[in-house]
Amino acid sequence: MGLVCLIIFCGSFMFVVSNFHRGAVKTVSLHWPTLPQPNHSTKPQMPSVLVQPDKSTLPKPAEPIKQPSCAERACVALTFDDGPAAATEPLLNHLATRHVHATFFVLGMYVERQAPIMRRMVSEGHQVGNHTWDHYRLRDFSPAVITSEVQRTNDIVQQVTGVRPTIMRPPYGETNLTIMSISGLPQILWSIDTEDWRDRNSGVIAQRVINSASSGAIILLHDIYPTSVDAVPAIIDGLRAKGLEPVTIDELLDKPTEVREYRHR
Ligand SMILES: [Zn+2]
């Protein structure tokens, strides 16, 4: 074996040296005997028909949970105005615990300072609507101010969350043709006013909502009052006990686009 290697080595070396002198070889490489290759003819052949596993024994892939639409079940919309505020975060916790999506009509002036809460709101499936920048009574202001109040709010919500509002709630529920045409947005009012700004009592607010709610209702609450936020678990449980499922405005009204007033489904 040693002698064979020596002959091969010397043969290769002499070949390289002779070519090197003719200037034909730029790199020196040695040639070793090639190793025996596997014989492919001995490779086991796969059967032409593969045996399929019994599909009935395999776990089924999880199907996305498809909720029936509000045309098929009784829904109400929970809406929260004037935030985002300190109480918005505990409110998001209540909604997450009960798998409920709500609609937040936010004031543009608070959006940037509450950016993480705004992003959480959107990422958890809630809807964000425009409630203007300063909460002015828009009917008392010029078209230029109305334009600024609406557009600045839409811009900051889009900048912070990546989603531009497609609905608006005018402050105090006061709208008119000028506000509608300038905003170009459906005006979402309400059918149940909880008057939670006056009654800072969670039990009273929860009972008021549950007693007055019926299919298609739009319920007005404010997430700037901790008492209103504290009422939310009882509100959701009470609505569900009546067969009413809380949803967003887009779900309740099937993504409204017509620029007019909406008070309920
Ligand atoms: Zn308001």
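Predicted model: local features only at pLDDT ≥ 70, side-chain atom pairs only at ≥ 80, totals over all residues.
Residues are numbered from 1 along each chain as its sequence is written.

**Around Gln159.** Gln159 sits in helix 5 (residues 143-161). Helices (H or I, at least four residues) and strands (E, at least two) are DSSP runs, numbered from the N terminus.

**Zoom out.** The protein has nine helices and eight strands. Of its 265 residues, 33% count as buried.

**Strand 6.** Next, select residues 218-222. Four of the five residues of this strand are buried, so strand 6 is largely enclosed by the rest of the structure. Strand 1 runs parallel to strand 6, joined by five bridges (strands pair if DSSP finds at least two bridges between them). Pick Asp81 and you will find His222 as its bridge partner in strand 6. Strand 5 (residues 192-193) is also parallel to strand 6, with two bridges; here Asp193 stands opposite Leu220.

**Helix 2.** Select residues 88-97 and colour Thr88, Leu91, Leu92 and Leu95, the buried residues of helix 2. Looking down the axis, they fall within an arc of 100 degrees, so they line one face of the helix; the arc is that of the directions from the helix axis to the C-beta atoms. Their cover includes strand 1 (75-81), helix 4 (115-123) and helix 8. Just after helix 2, His99 takes a positive phi of about 55 degrees.

**Helices 7 and 8.** Finally, show residues 202-212 and 226-241. The axes of helix 7 and helix 8 come within 8 Å and cross at roughly 35 degrees (axes are lines fitted to C-alpha atoms, for helices over the stretch in contact, and angles run from 0 to 180 degrees between N-to-C directions). Residues making the contact include Ile205 and Val209 of helix 7, and Ala231 and Ile235 of helix 8; contact requires C-beta atoms, placed from the backbone, within 7 Å.

Terms used
Contact = placed C-beta atoms within 7 Å. Buried ≥ 20, exposed ≤ 12 C-beta atoms within 10 Å, placed from the backbone.
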